[in-house]
Structures are given as C-alpha cells and as structure tokens.
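This report goes through one structure in short sections. Each section takes up one topic.

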Amino acid sequence: MSAPAGRGRQAPRPTQLSPAAIGHPLRVAGGRVSLRVHRRAVLVAVGLAAATLAVFLVSLVVGDYPIALPRVLLALLGEGARLDRFFVVDVRLPRVLLALTIGAALAVSGAVFQRLSRNPLGSPDLVGFNDGAATGALLASVALGGAALSSPLGAVLGGTLTALLVYLLAYRQGVQGARLVLVGIGVSAMLSSVRSYLITRSDLTAAQGALAWLVGSLNGLGWAQFWPVLTGVLVCGLAVVPLSRQLSLIEMGPDVSGGLGVAVQRAQLVLMLAAVGLTAFASAYSGPIHFVALAAPQLARRLARTAGAALLSTALMGALLLAAADLVAQRLFAPVQFPVGAATLVVGGAYLGWLLARERGEGRV
Amino acid sequence: MSRTLGLLLALALLGLVVVLSVAVGAENVPLGTVWHALLGGRTDYHSKIVLDLRLPRTLVGLAAGVALGLAGTLMQALTRNPLADPGILGVNSGAACAVVCAIALLGVDSPLGYVWFSFAGAAVASLVVYALGLRGANSGPVRLALAGTAVSAVLSGLTSTILVRDAATLEVVRLWQVGSLAGRDIGLLAQLLPFLLAGAVLAVLLAGPLNAIALGDELGAALGARVGLTRVLCGVAVVLLCGAATAVAGPIGFVGLVVPHAVRMLAGANLRWVLPYSMVVAPILLITADIAGRLVARPDELEVGVVTAFLGAPLFIVLVRRYRTVRR
C-alpha cells in the first residue's frame, strides 16, 4: 500500500510531478480559492453519474407493465394516463430512489470502514453491525410477535448497540483497526448463534419471514420508507464529508496521521458512528444488503486510480451497483422477484474472486 | 513427566464428564441405573433414556470434540495464526451451504447422503479462504479472519436465499444449523468414524514437521521438514476432521479456537503434547457445554452450539485484546 507521495519519490526528476498524480490546479475567484482537480476522477464521476441516470430511467421503463420512455417522462411531470402515473410515480420511482440512496449510503459507509481498518475487505460487518441489526430485528419480531418487516426499529437499535459494544470492547488505549475487526468477528459469532437459536424456536413461517428480511430486499417498499431513509442518510453523510481529508491521513497509520496533527481517536469515533448510522438507516427497511459496502469503494478506487476515490464517485458507484442489482433481481426471473440481496451476493462473489485473481497476478498469494 | 500426569488427569476428567452426560438431563438417572443400563439386558424407562438418547449424544460429543480440538490446533499451527478456528475461517458456513444446496437443489434427504456435501463444502470454503487470506509470509491473522468473514457472508447469503424460497429445506436445516449433539444419528457417526480416525492419525503424524515449520518456512525446511507436503496433508486432515464433525453435529464454533490456547497454557507449545491434550480437553469442553445447555433451561435445552458461542466468544475477545497485532 504505497502512498501517492511514494510515486513522486521514485520519479527521475522529483521536481516535475505528473499532473495525473497530483491533479491540475484550478484557481477561481481571483486566485483566492484554489483546488486540485484530478481529470480522471472527474471523468469517472461524470461517467458514473451518466450510468446511474441510465439505470434509473430503465428501472422506470421496464416491468410487468412496460411503459415507454416518453410516457414515463410525462408521468413524472404529473401528466399522462392514470395507470402510467400510478406505476411510475407511486411504485417504481420510490423503489429506485431507495435503491440509489441505500446504495450510496452503503458505499460511503464501506469506504469509511475500509480506510479506517486499512483493509480492502472491511465493511460495516466488521463491527458486527449487520449481525446486530439482524438479531435486533429477529428479537423484536419474536418479542412483539409481529412480522419481521415491522421491526426496523429493532434492527437499527440492534445494529447500533452492537457497533458501540464492539467499539468499547476493542478500546484499549485507543482503537486499532485490527483489534476492532477481530472483536467484531467474536461478537458477530455470538449474535449469529442467538439467531440460529431463535430460528429453531419460532414457527416456520416466522422463521422464513425473518430469513427473507436477512437477505435484504426492496420488494414492497414505497414513499413511506423513502423519506425517513433519505433524511437519516443525508444527516450521517454530511457528518462524513468534512472528515474525508482526515480519513486519507488516518489511512497512513495512526503514527503518521497523529504526527500530521489528526486527532486520530476522535476522528475515528466520529467517522465510525457516522458510518454505522449510514448503514443503520440504509438497512432499516430493506434488511442488511451485503457486499455493496465491500465492493463499491474498491471499484470506484480502481476506476479513478486515486489512493482513495472521492466520496462522490464512491457514492455514485454504490448507487449504480444497487440500482442495477435491484433491476436484475426484479426482472431476470420475472414474474418471480428475487430479493436484491441475492443479486448483490453475486457481486460479492465476483468481487472476492477478482481480489483473489489480482493478488495471484501480483504474486502475493 | 508432569505432562503425562496431566494428560492422565484430563482423561479421568473426561471419563467423569462422560458419565455425567449420560446421567444428567431433564430426567436425572441415578448412577447405579446408568451402570445397569450400560451392562444391558434391561428395558425400563431409564435404560431407554440412557441407551437411546444419552449414550448416542455423548458419543457424538466425544467424536465431534476430538475432531474440533485437533482441527483447531492444526489450523492454528498451519496458519501460524492464534485466532484460527473452523467457524471463523468459514469452514462451517461452507459445509452448511453445501448441505442446504444438496437438500434443496438435488433432493438429497438423508443425513447419510448429505455428509459428502458437508465434506465438499468444508474443503472448498477452506481452500478459498486460505487463498484469499494468506499473502506471503507476513499475512497476519486479521487478513485471514477477514477472508473467512467475507467468504462466510457470501455462503450464508446463498444459504438464506435458498432457504427463503424453500420451507421444507428450512425445516430440516434449521435444526442442523444451530449445532447440537442431541438427536443425531448414531449410524452416521459409525459411517464417519473412518474419516475421523484418518484425520486424527494424520494430525498426530504431522506433529513433528509442524513443530519444525513453526519456526518459519526456511528454518523448517532446513530442519528437514517438507514444507509444501506438510501444508497439504495438514489441510487434508483439517477438512477430514471439520467436515466429519460438522456433518455429524452441525456447525459448532469456538471449541477449535479456545482449546488449543488452553492447552498451550498447560502443556507448552510442543505439538507432540498439544495435539493429544487437545484431543482430550476438547471433548471435555464440548460435553460440559452440552450438559450445561441441558441444565440452564430445563426442561427445554440450549443447543451446544449456542453454549459454546457464549463461552467461546468472550474468551476470543479477551485473546484479541491481549494479542499484540502485527502491523502490516
């Protein structure tokens, strides 16, 4: 894992860094505001945005009742046939918006965890979040006797409490990425045994409902779920943005970043809380959707060829991945709708395989 | 000499635990009756409990315990990773996923049939985790554990996707998946015994070479160990042991993790001692956990997989907190 500065040191003439490595300077407002712009990163972000828009439109068009694009646009403007408006505005639009929001949230949360733990396999699972959420949801549905879908509160509480517990258990003169990961694995194992126990004791229908929630699905979600998810995700997302520069310093290790003046422990705690919040709101209604958090940051990073891809590209990549996965899950075996979690699973498997192949190619296995 | 004595003491303790396991439960059976029942020829209520329920259960616990203890020790030695465990490294979820696929997709319905899938799943999952998680000499324990978590997540996602669509399979699998010694088929155990024995013999034979490799690959080779061969054989032994244990008792975590640590505290790092000790201490732990599971929630029971997770996970966390993480 070489920092970008390392490349400069190896260059034959260190005075002449390539613009691709440091970005092009951009001065606005008479030179009072200056930015570094990575041309490739901008291109990637634009490309991702375009692809996301395309998936968004396709999601509105296709379905058991296909609606041509002009009629979709009319319906979005509140015109057109009533049936069109119903399908586009009331059914498909909230679902695809949810997919975009959740995907973006998961991707940013994954990026934060991967960089905090300095490991490409990092994800909110690391601190036991998903296991906590799943167990919370199951407990709530068993205790309240309701369907598993009615327990978003249980999920959010379970996930957040578990993440906090893991953080506290891993705290020993500060939290080290590695220790956090391992404590998370231990706590997760405990929770998953609680879950198996609950599943053996509940009746078959309830157990199956709980399992369906655990796979992660957007089926049957609408506007009523979209607004709370969006609000929560925006609040937590805004907490991450100002810390993103510190994040790339933390990635260099606690010693270096501490030396460069980052209050490592505090930044770490805030970032982790924000990332857990992002995942909590993202999975409150849909259930934990795996692998978007794992794959999206790495894909964005490879595309943009920067050490840590900009948060924007990462978020776009996540939104694109999840919306596309949901489209596939809905349409591939139509009229049977698979949960989106099943489709992201394939993404996850492919990601792991790619990771494996890459490391083998570099002769590191 | 004191280690021999310790081993004998542990064996005696194991004997005591086995007797208790036969006697204690929702219905307590007096020890005299246990004895008579075991001698045979009696058909009263208590004898039936002892012979048909408690004895098979205890034997399963004994076999699974030996297998998990040895497998955990081998894994930790092979990966030079103090945190290796069949549960954490994804072997269990590989076995579970393969079993679910076999039942749901191929229509295999008897435990005797899906045993083989359990083996295959365990083998494939451990290969993938190993390849993902080991990177050069300084891979460190975290990477391996992460690879295990990631692979487990894929596999368990696949498992639940299948189960959501298939209630009949869920009904069969949910009882297997929690990891329990109760109600297991004794015929299955008999069928798996050759694999367990082969794995155990292999494990014991590998003690010497693994001791040498513990010093590092180069030093090990210089001491005459054949590093590659040892690795492969060790992997084979782990898959035989874990696959058999998981097939007979379901996925049980943390026994393979905790026992080697406890044993190393008692007997030092020499695998020639650690392996036999693990072989005795692990079933003690497993059967004790099983007895505890019967006692805490009488007349209901906690499955042994739940009990070991609740005993093992806190210990794991303590280990993690003590362990000085190697920087990458």
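A:Ala329 sits in helix α15 of chain A, residues 311–331. Helices here are DSSP runs of H or I with at least four residues, strands are runs of E with at least two, and both are numbered from the N terminus. The model is predicted: local features need pLDDT of at least 70, side-chain atom pairs count only at pLDDT 80 or more, and totals for chains, interfaces and linings use all residues. Residues are numbered from 1 along each chain as its sequence is written, chains are lettered from A and ligands numbered from 1 in the order in which they are written, and side-chain values use heavy atoms, with hydrogens and water left out.

A:Ala329 has a relative accessible area of 4%, so it is buried. Buried means under 20%, exposed over 50%, and partly exposed in between, with a 1.4 Å probe and protein chains only. Leaving aside neighbours within four places in sequence, A:Ala329 is in contact with A:Val336, A:Gln337, A:Phe338, A:Pro339, A:Val340 and A:Ala343. Contact means heavy atoms within 4.5 Å. A:Ala319 lies 10 residues from A:Ala329 in sequence, and their C-alpha atoms are 15 Å apart.

## Where the chains meet

In the interface, 54 residues of chain A are in contact with 50 residues of chain B. The two chains bury about 4500 Å² between them, 69% of it on carbon and sulfur atoms. Buried area is the accessible area (1.4 Å probe) that two parts lose on being put together, summed over both.

Five elements of chain A give two or more residues to the side that touches chain B: α7 (152–170), α8 (177–201), α9 (204–215), α12 (254–259) and α16 (340–361). α8(A) gives the most, with 17 residues. That side of chain A divides into 34 nonpolar, 11 polar and nine charged residues. Ala, Val, Leu, Ile, Met, Phe, Trp, Tyr, Cys and Pro count as nonpolar, Asp, Glu, Lys and Arg as charged, and the others, Gly among them, as polar.

## Aromatic pairs

Over all chains, the structure holds 10 aromatic pairs. The ring centres of A:Phe86 and A:Phe87 are 5.4 Å apart and the planes stand at 65°, so the pair is edge-to-face. Rings of Phe, Tyr and Trp (its six-membered ring) pair if their centres lie within 6.5 Å; planes under 30 degrees apart count as stacked, over 60 as edge-to-face and the rest as tilted.

Ring pairs link A:Phe86 and A:Phe87 with A:Tyr65 into a cluster. A:Phe86 is partly exposed, at 41% relative accessible area. A:Phe87 is partly exposed too, at 23%.
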